[in-house]
Amino acid sequence: MITETPTTDKILELTLTPTLCIETVAELYEQLRPAIDLGQTVLLDASTVESVDTTNLQLLAAFALQLGKNGTALQWHHPSEPFLQSATIAGLVDTLGLPS
């Protein structure tokens, strides 16, 4: 689902897979969950995402909100056009902290 790339002691980079659908949301949750407690900036690479459903967008929004409550930054690495379009349609651009 995602791959973890340790970049520095302060940033945890996670790469999203090209297809994020209902069948994979539980796996994505299991991979995102530990990042909440690390206290590191999380960099999500969404550059190769070709399709994302609302369930995954809602999970990512909840993840972003929880990181914010913990005082942890969420950054995005080149979110793909399909990812941005889906987030815009779902009304989650601001919640996710994506460029508009």
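This is a predicted model: local features need pLDDT of at least 70, side-chain atom pairs count only at pLDDT 80 or more; totals for chains, interfaces and linings use all residues.
Residues are numbered from 1 along each chain as its sequence is written, and side-chain values use heavy atoms, with hydrogens and water left out. Local features need pLDDT of at least 70 and side-chain atom pairs count only at pLDDT 80 or more, while totals for chains, interfaces and linings use all residues.

Leu96 also turns up in the largest nonpolar core, among the residues with the most contacts inside it, alongside Leu16, Leu44, Leu60, Phe63, Trp76 and Phe83. This core has 30 residues. Such a core is a set of buried Ala, Val, Leu, Ile, Met, Phe, Trp, Tyr and Cys residues joined through side-chain atoms within 4.5 Å; buried means under 20% relative accessible area (1.4 Å probe, protein chains only). The biggest giver is α2, with seven residues; helices here are DSSP runs (H or I, at least four residues), numbered from the N terminus.

What about α1? Its buried residues are Val25, Leu28, Leu32, Ala35 and Ile36. α1 and α2 pack at an angle of about 10 degrees, with axes 11 Å apart; the axes are lines fitted to C-alpha atoms over the stretch in contact, and angles run from 0 to 180 degrees between N-to-C directions. So α1 is roughly parallel to α2, a label for angles under 35 degrees.

Note on methods. Buried means under 20% relative accessible area, exposed over 50%, partly exposed in between (1.4 Å probe, protein chains only). Helices (H or I, at least four residues) and strands (E, at least two) are DSSP runs, numbered from the N terminus. Angles under 35 degrees count as roughly parallel, over 145 as roughly antiparallel, 65 to 115 as roughly perpendicular and the rest as oblique.
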